[in-house]
Structures are given as C-alpha cells and as structure tokens.
Amino acid sequence: GSDSGKGLLYSKNKGKTWNRSVINSHYIDCLTVVNNTVIAGGTYGLYYSEDNGYTWVQSNINEGYFSSLITIGSTVIAGSGYDKGLFYSEDCGKTWNNSNVNKGYFSSLITNGSTVIAGSDNDKCLFYSEDNGKTWYHSLYDGSNKVYNQSKSEIKSSNDICENMDSQENKYVSQETLFEKIDKLYKMYNDINGKLDEIKKSIGI
C-alpha cells in the first residue's frame with residue numbers, strides 16, 4: 001500500500017521486486033488479511049483481493065477515506081479517516097455495515113483478546129467493542145495517563161459520541177476534586193485534633 005498516490009503493489013518473490021496492481025493511483029493507508037482475502041483501505045473507500053493482491057475489487061463502500069483496518073476472528077473492522085466512524089464486515093470485506101459509531105476519525109485499532117479498542121483522532125475518545133465491532137462503548141480520556149470508564153451504555157447516535165465529552169469529563173474532574181477536598185478536610189480535622197491535644201497537654205488538661 002502506498003501513501004504517495006501510487007496505489008497497491010504486489011510481490012511474487014517475497015518482497016524483492018514489486019509490481020503495480022490494477023489500483024495504481026490511489027492513496028492506501030491500511031491493509032489486513034482475513035481468510036486468505038487481502039483488504040485495503042484508503043482514498044475512494046475499501047477494496048478486497050482474493051488472489052494475493054494481483055487484482056482488486058471495490059467493496060460496497062466506494063467513497064471517502066479509510067485510515068485503519070483490523071481483523072478479529074472472521075470479522076474485519078475499518079476506521080474512517082473522513083469523520084464517518086467505524087464499520088465492520090462479516091464477509092471478508094466484500095460488504096460493509098455501519099456500527100453504532102457513525103462519526104469521528106479513527107486511525108488506531110487494536111485487539112485485546114475478544115475486545116477491540118479504537119482511538120479517535122479528533123476527540124479525546126477511546127472506544128471499545130466486545131461484539132466484533134458491531135456496537136461500541138466509550139471511555140473518557142483526559143489527555144494524561146488516566147482513563148475513566150463510563151457506565152456501559154450503548155452509544156445510540158453520533159450525538160452520544162463526543163459532543164458531550166467535555167461535560168462528562170468535567171463531571172469526573174469535579175468528582176475527583178470533591179474527593180480531594182474531602183481528603184484535605186480530613187487531614188485538617190486530624191491536624192486540629194492534634195493541636196488541641198498539644199494545647200491540652202500544655203495547660204495540664
């Protein structure tokens with residue numbers, strides 16, 4: 001796959017030399033393999049090849065831009081690079097279905113056992129799926145090393161994804177601040193009690 005507009009290339013000698021395929025002018029940013037089928041994503045949608053990359057067929061998605069692909073079991077998941085969310089295919093990339101995340105740029109996909117994790121480029125969002133990419137839930141990420149797990153409620157529409165993230169993130173920050181305040185008050189209470197004990201001892205009480 002080429003990100004310089006030269007399309008898809010294939011090699012018959014383990015990478016020593018390369019030949020251009022029928023797709024010779026597109027930007028291709030991601031590749032994956034499932035059941036001997038090679039799947040590619042880039043400009044103009046998603047493609048698949050059943051002959052080791054010699055020939056390619058356009059899938060049912062023939063527009064937009066895709067920046068990430070991953071295989072989990074026999075399912076392939078694709079992340080959109082043009083704010084269209086996450087897609088999944090159960091027939092080796094021939095046809096694609098919308099997941100419940102239909103907005104966002106996704107260039108990062110990874111699997112951890114039976115869980116798929118997706119990272120959104122345009123928002124501080126991490127998503128996870130436990131059913132091979134059909135439905136997604138999101139966690140809250142504050143830009144540091146802290147990840148706050150939201151209650152496991154299914155995302156119903158694009159409005160549920162990241163538009164309210166700031167208020168949800170602030171909720172967690174507020175909760176954390178409240179706990180910090182309680183901790184400070186407890187420490188102040190202990191300090192006051194300690195000083196009272198010292199005063200009592202000094203005056204013989």
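**Exercise 1. The ring cluster**

Task: In this predicted model, determine which residues are linked into a cluster by ring pairs.

Solution. Ring pairs join F66, Y82 and F87 into a cluster. The structure as a whole holds 4 aromatic pairs.

**Exercise 2. A second aromatic pair**

Task: Decide which class, stacked, edge-to-face or tilted, applies to the pair of Y128 and Y137.

Solution. The centres of these two rings are 5.6 Å apart, and their planes form an angle of 40 degrees. Stacked pairs need planes under 30 degrees apart and edge-to-face pairs over 60, so the pair of Y128 and Y137 is tilted. Both Y128 and Y137 are buried.

**Exercise 3. A charge over a ring**

Task: State which residue lies over the face of Y54.

Solution. The residue is K12, placed at 5.2 Å from the ring centre of Y54.

**Exercise 4. Salt bridges**

Task: State how many salt bridges the structure has, and describe the partners K94 and E50 as well as K134 and E90.

Solution. Step one: the count comes to 2 salt bridges. Step two: the side chains of K94 and E50 meet with a distance of 3.0 Å from N to O. This pair links distant parts of the chain, since K94 is in the loop between β9 and β10 (97-98) and E50 in the loop between β5 (45-49) and β6 (57-58), 44 residues apart. K94 is partly exposed at 28% relative accessibility; E50 is exposed, with a relative accessible area of 53%.

Step three: in the salt bridge of K134 with E90, the closest N and O atoms are 2.9 Å apart. K134 sits in the loop between β13 (125-129) and β14 (137-141), and E90 in the loop between β9 and β10, 44 residues apart. K134, at 28% relative accessibility, is partly exposed, and E90, at 46%, is partly exposed.

**Exercise 5. Cysteines**

Task: State how many disulfides are counted, and whether C30 and C92 are buried or exposed.

Solution. The count is 0 disulfides. The limit for a buried residue is under 20% relative accessible area. C30 has 8% and is therefore buried; C92 has 13% and therefore counts as buried.

**Exercise 6. A hairpin**

Task: Describe how strands β11 and β12 are joined, and what lies between them.

Solution. Step one: strand β11 (residues 106-112) and strand β12 (residues 115-120) run antiparallel and are joined by 6 bridges. Step two: L109 has A118 in β12 as its bridge partner. Step three: the two strands form a hairpin with 2 residues between them, and in the turn G113 has a positive phi of about 65 degrees.

Key:
Residues are numbered from 1 along each chain as its sequence is written. This is a predicted model: local features need pLDDT of at least 70, side-chain atom pairs count only at pLDDT 80 or more; totals for chains, interfaces and linings use all residues. Side-chain values use heavy atoms; hydrogens and water are left out. Rings of Phe, Tyr and Trp (its six-membered ring) pair if their centres lie within 6.5 Å; planes under 30 degrees apart count as stacked, over 60 as edge-to-face and the rest as tilted. Buried means under 20% relative accessible area, exposed over 50%, partly exposed in between (1.4 Å probe, protein chains only). A charge sits over a ring if NZ of Lys or CZ of Arg is within 6 Å of the ring centre and within 35 degrees of the ring normal. A salt bridge is a side-chain nitrogen of Lys or Arg within 4 Å of a carboxyl oxygen of Asp or Glu. Helices (H or I, at least four residues) and strands (E, at least two) are DSSP runs, numbered from the N terminus. A disulfide is a pair of cysteine sulfur atoms within 2.5 Å. Two strands pair if DSSP finds at least two bridges between them.
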